[in-house]
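Me: I'm new to this structure and would like to learn how to read it. Could you take me through a few features?

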Amino acid sequence: MNARRPLLVRLAETDRASVAFTLDGEPATALEGDTVLTAVLTQHDRLRRNEFSHAPRAGFCLMGACQDCWIATADGERLRACATFIAPGMALLSGEDA
Ligand code: FES
């Protein structure tokens, strides 16, 4: 796996409770109230790779309209990352190895 460089840097609200999840099988933490999109982009420089071109994607509208932020979970579910809150134990897959 490539080294991760976050696309987003948290500047405020750092005192919220932490939430443990995994991203591509590696442990990660977000803060309570983060969307899945925020949780991933504070860990990584992309949300996922496009299924066809394999180009990196990081969402577009951030308000549930564009459908660009789908992300897979380890149990086969697909989530709209900008409209889903991170939850403890979520196992997210960015498609890094696609
Ligand atoms: S970023 Fe557009 S629907 Fe999530």
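Me: Is Arg48 buried or exposed?

Reply: Arg48 counts as buried because its relative accessible area is 9%; buried means under 20%, exposed over 50% and partly exposed in between, with a 1.4 Å probe and protein chains only. Keep in mind that this is a predicted model, where local features need pLDDT of at least 70, side-chain atom pairs count only at pLDDT 80 or more, and totals for chains, interfaces and linings use all residues. Residues are numbered from 1 along each chain as its sequence is written, and side-chain values use heavy atoms, leaving out hydrogens and water.

Me: Which residues is Arg48 in contact with?

Reply: Contact means heavy atoms within 4.5 Å. Leaving aside neighbours within four places in sequence, Arg48 is in contact with residues including Ala55, Gln67, Trp70 and Ser94. The side chains of Arg48 and Glu51 are also joined by a polar contact of 3.1 Å (a pair of N or O atoms within 3.5 Å; within protein, one must be able to donate a hydrogen and the other to accept it, and residues adjacent in sequence count only if both atoms are side-chain atoms).

Me: What about Gln67: where is its place?

Reply: Gln67 sits in the loop between strand 4 (56-57) and strand 5; strands here are DSSP runs of E, at least two residues, numbered from the N terminus. With 35% relative accessibility, Gln67 is partly exposed. The side chain of Gln67 makes a polar contact with that of Trp70, at 3.1 Å.

Me: How do I read a pocket?

Reply: Rolling a probe the size of a water molecule over the atoms shows where empty space is left. On a 1 Å grid over the protein atoms alone, a pocket is an open set of points where a 1.4 Å probe fits, with protein on both sides within 12 Å along at least five of seven lines; lining residues have an atom within 4 Å of a point. Here the largest pocket is lined by 13 residues, and Arg48 and Glu51 are among those nearest its centre. Strand 5 gives the most to that lining, with 3 residues.

Me: And which face of strand 1 is covered?

Reply: In a regular strand the side chains alternate between the two faces of the sheet. In strand 1 (residues 18-23), Val19, Phe21 and Leu23 make up the covered face, while Ser18, Ala20 and Thr22 make up the uncovered one.

How values were computed
Helices (H or I, at least four residues) and strands (E, at least two) are DSSP runs, numbered from the N terminus.
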